[in-house]
Amino acid sequence: MKRRDFMQMTGMGAGAFMLSSVPVIGNPVSAAQLLEPWIDVAAKKKFAEIALNAAKSKGATYTDVRIGRYLQQYLFTREKQVQNIVNAESYGVGIRVIANGTWGFSATSDVTAEGIAKCAATAVEIAKANSKFQKEPVILAEQKGVGDKTWKTPIKKNAFEIPIQEKIDLLMNVNGEAMKNGAGFVTSNMFFVNEQKYFASSDGSFIDQDVHRIWPTFTVTVTDKAAGKFKTRDAISSPMGMGYEYLDGLASEKIAGPNGLVGYRNSYDMVEDAINAAKQAKEKMTAKSVLPGKYDLVLDPNHLGLTIHESVGHPTELDRVLGYEANYAGTSFATLDKWESKNFAYGSKLVNIVADKMQPNTLGAVGYDDEGVPCKEWDIIKDGVLVNYQAIRDQVKIIGEKESHGCCYADNWNSVQFQRMPNISLKPGTEKRSVMDMIKGVEKGIYIIGRGSYSIDQQRYNFQFGGQVFYEIKNGQITGMLDDVAYQSNTQEFWNSCTQLCDKDDYRTFGSFFDGKGQPAQVSAVSHGSATSRFDGVNVINTGRKI
Amino acid sequence: MAILSKEEAKKIIDKVLAFSKADEMSVGLSGNRTGNIRYARNSVSTSGETTDLSLSVTSVFGKKSGTSTINEFDDASLEKTVRRAEEIAKLAPDNPEYVPMLGAQQYLETNSFADSTAAINPDYRAKAAFDSIDPCVKKNLTAAGYLEDSAGFSALGNSRGLFGYNKSTSIDFSITVRTADGKGSGYAARDFNDASKLSTASATEVAMQKAMASATAKALEPGKYTVILEPTAGVDLLDNMMRSMDARNADEGRSFLGKKGGGTRLGEKLFDERVNIYSDPQNLEIPGSPFSGDGRPQEKVMWVENGVVKNMSYSRFWAQKQGVKAIAPPSGFIFQGGNESLADLIKGTEKGILVTRLWYIRAVDPQTLLYTGLTRDGTFYIENGQIKYPVKNFRFNESPVIMLNNVEAIGKPVRAGGNLVPPLKIRDFTFTSLSDAV
């Protein structure tokens with residue numbers, strides 16, 4: 001049974017979510033139930049074999065089965081109170097087949113031999129019915145069966161085992177400290193996801209995976225009723241492929257920046273960030289409104305990640321390039337002819353962008369994708385040139401490759417898997433360089449931290465990004481905070497204006513926990529790593545208005 | 001059967017209520033059958049159908065509440081669900097903003113169910129897709145579209161005597177047509193309760209015309225222009241504004257409805273005096289649910305009258321605290337207009353830009369309700385009452401509040417995204433840069 005509710009996120013900052021509401025997929029259960037074990041691997045394999053045999057007997061030439069249990073725990077608080085605690089569980093079986101050269105998909109929550117056999121037969125029926133309209137028969141890249149495999153996110157603390165009270169205590173502490181430091185309002189949330197998924201295919205793969213993700217976040221609001229003004233500052237945490245240990249706030253994972261700014265690598269100090277957020281939101285109240293014009297931008301990884309996501313991640317999805325998303329998300333400027341030319345300068349020579357599903361602690365990291373392909377790393381942009389796309393088994397032939405990239409994903413057992421973005425990251429610079437070193441060399445610039453408003457066209461040329469905190473740079477020095485800042489550019493122009501990168505010591509990942517794509521829409525989670533980077537002569541507009 | 005009758009639903013809800021040992025209990029019961037078909041590159045890519053029937057129980061002890069859900073309906077399962085909700089409630093933290101449940105309510109009759117939509121089957125969807133793809137293939141154009149239909153019911157009841165039941169249907173269709181060389185793109189979207197009002201062929205015809213007509217776009221300098229926003233273009237900006245009319249945020253001074261010196265702009269003239277926006281669950285074009293999710297009756301509400309902010313929406317807690325009526329947020333809005341068609345508005349325009357669709361709209365500043373986004377799938381230059389030529393897409397930075405102070409003309413409303421929205425002629429609409437996207 002499918003149950004997908006969307007929780008409207010009132011009171012959260014503009015930049016906090018990719019979607020305006022947060023999807024809750026599954027049925028409410030108690031927190032204790034989330035820890036109860038589900039059916040064991042032997043039983044899953046037995047059910048999978050029933051599906052594989054049933055589909056084959058009905059005429060499928062290929063079948064894959066995903067037997068999944070998806071758990072979510074979301075906590076929502078504001079100021080001194082808990083607004084909502086969501087514990088949700090969803091389990092069932094999704095069966096995808098090829099019959100008559102056409103895909104068919106069916107899913108059921110009836111996890112019994114009969115239910116699964118019936119579901120497999122329905123998938124074949126749908127494939128055969130749709131084959132009447134099929135113009136391009138499906139051809140899958142070969143994938144040898146991998147046999148019985150397991151993979152687990154290497155977490156240290158299972159967030160679902162941490163008592164709810166401990167989490168509430170932390171959020172109340174976050175809210176309290178923000179209020180003490182000048183916040184008028186605070187909303188704070190924690191999102192935990194655990195995907196327990198078993199994949200089997202007629203290629204001979206039987207893969208059991210246990211995937212964990214975490215995202216603590218908040219929005220601090222400062223108001224001045226006399227002036228009729230308010231300002232917000234969102235958390236600069238990143239969603240991670242980690243357990244509750246992400247919230248340990250280890251000093252060793254902090255990166256000290258200019259003006260008391262703190263960057264967080266693989267460990268987040270939520271209370272410290274909330275205090276800084278309240279102070280910065282207050283400072284924003286009296287910050288200078290930016291003069292529009294050309295500036296050299298110094299972009300923090302917690303900001304740049306979203307620009308990478310929108311201007312490199314999405315346009316290099318092969319399904320978009322081919323037109324499969326034309327009616328919704330759009331197509332792409334990164335067309336096949338540009339890739340075929342082998343000299344399309346996507347960015348400056350400094351720009352090296354890699355795709356991967358392997359990097360530890362990231363949202364994309366799994367052992368195998370949702371069509372049983374072992375995960376790997378590959379280049380998307382090398383020395384500034386577009387060299388590859390993101391492609392799955394039924395697409396790689398189009399770019400002359402024989403192996404899938406392993407970036408197929410479904411957000412639930414009852415959603416059909418399709419091409420989703422792997423981690424897409426900008427490699428750090430090879431020369432030794434800190435943020436302070438970078439700022440020293442900027443005459444007229446703006447240093448931007450955190451994700452703000454973001455918008456990009458349907459072919460990913462023209463974009464506009466805001467941020468959380470902006471500092472003016474004059475003659476190599478930070479001179480104060482700015483407000484009303486957004487930059488507009490064109491993807492190719494922007495990446496070609498990249499003139500400096502900080503080194504690996506400044507490298508951090510940014511993440512998107514609820515990235516939407518497809519009709520009906522599915523979410524996915526993806527990380528984007530980078531070090532602080534400099535982009536020269538970018539157009540900055542002033543977003544201040546009077547109503 | 002996913003769609004239960006009022007009597008069947010009431011029988012189940014009453015049975016569940018009888019199991020309650022909590023201070024208060026509410027029961028939600030809903031079911032629907034949803035189907036879809038998606039196509040791209042003139043070929044069907046996915047299609048499916050899901051049926052769903054589920055029961056949700058919320059039990060309350062004092063200010064603690066717990067919810068449990070189930071999709072099995074035998075007595076033992078129902079009782080188990082009630083016990084589970086009670087267990088969860090006992091473990092929950094107190095909610096200081098808890099408001100006791102509503103008693104029996106009077107609901108308006110709405111007509112949100114159409115047999116034509118409930119009868120849709122896979123053959124209907126396949127034909128709907130074919131009617132859209134086939135004309136494109138014949139003209140060497142590429143179609144990508146999505147159709148989703150749903151038929152269902154929703155019932156709720158509680159231990160204080162409230163009971164509500166509503167059946168509804170919906171069908172949503174969108175189509176993007178692109179020219180073979182990728183230089184032209186057109187779009188159309190339709191949504192109805194009654195599927196017999198939908199012709200995928202005629203909506204596709206509009207998108208085809210726009211695709212062909214937009215293929216040789218010229219670049220105009222960004223700046224302030226008079227624009228005509230088709231309902232498909234205006235609806236999202238207006239919807240964003242309507243979703244921002246929450247009273248609590250305004251009272252707390254963090255909304256565009258907050259005021260210098262404290263207080264809100266309720267009762268103030270914030271828009272052009274021709275702007276009138278209301279909601280009405282009984283409207284025949286956009287019939288909605290007679291009740292909101294928490295059981296409050298949906299009634300006709302004037303949100304903006306002659307440019308003056310007349311009402312804001314409230315949670316029950318905030319309304320109680322402020323001592324006012326708890327007006328629920330609407331499910332759809334009606335922007336009143338005149339009788340002029342889109343063609344009439346174009347005819348009356350000396351110089352301007354016709355916008356088919358706005359895309360990737362994101363909030364830039366919640367203080368002023370400033371949004372950014374882009375035009376898409378058919379943007380045209382108008383001169384002396386005629387469409388002269390297609391223009392390249394623009395990025396805009398505009399606030400619906402500013403926009404609704406710059407109204408030149410309001411056309412005849414049509415249904416868009418579950419609302420009634422007129423084509424709007426707006427002066428000084430702010431385009432800040434050009435986009436190469438088609």
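Me: In this predicted model, how closely do the axes of helix H3 and helix H4 of chain A come, and at what angle do they cross?

Reply: Happy to start there! The axes of H3 (residues 164–180) and H4 (residues 270–285) of chain A come within 8 Å, crossing at roughly 25 degrees.

Me: Are H3(A) and H4(A) roughly parallel or roughly antiparallel to each other?

Reply: Angles under 35 degrees count as roughly parallel. H3(A) and H4(A) are therefore roughly parallel to each other. The crossing in which H3(A) passes H4(A) is right-handed.

Me: Which residues make the contact?

Reply: H3(A) brings Leu170(A), Asn173(A), Val174(A), Glu177(A) and Ala178(A). From H4(A) come Met270(A), Val271(A), Ala274(A), Ile275(A), Ala277(A) and Ala278(A). Sorted by class, this contact has nine nonpolar, one polar and one charged residues.

Me: Now for the two chains. How many residues does each give to their contact?

Reply: Chain B gives 72 residues and chain A gives 51. On the side of chain B that touches chain A, strand E2 (residues 43–61) of chain B has the largest share, with nine residues. That side of chain B has 22 nonpolar, 32 polar and 18 charged residues.

Me: What domains does the assignment give for chain B?

Reply: Domain 1 covers 6–211 and domain 2 covers 216–438. Their C-alpha centres lie 26 Å apart. In the contact, 28 residues of domain 1 of chain B meet 24 residues of domain 2 of chain B.

Me: Which strand gives the most to the side of domain 1 of chain B that touches domain 2 of chain B?

Reply: E6(B) does, with six residues. By class, that side of domain 1 of chain B divides into nine nonpolar, 15 polar and four charged residues.

Notes
Residues are numbered from 1 along each chain as its sequence is written. Chains are lettered from A and ligands numbered from 1 in the order in which they are written. This is a predicted model: local features need pLDDT of at least 70, side-chain atom pairs count only at pLDDT 80 or more; totals for chains, interfaces and linings use all residues. Axes are lines fitted to C-alpha atoms, for helices over the stretch in contact, and angles run from 0 to 180 degrees between N-to-C directions. Helices (H or I, at least four residues) and strands (E, at least two) are DSSP runs, numbered from the N terminus. Angles under 35 degrees count as roughly parallel, over 145 as roughly antiparallel, 65 to 115 as roughly perpendicular and the rest as oblique. A crossing is left-handed if the near helix is turned anticlockwise from the far one by less than a right angle, and right-handed if clockwise. Two residues are in contact if their C-beta atoms, placed from the backbone, lie within 7 Å. Ala, Val, Leu, Ile, Met, Phe, Trp, Tyr, Cys and Pro count as nonpolar, Asp, Glu, Lys and Arg as charged, and the others, Gly among them, as polar. Domain bounds come from an automatic or database domain assignment.
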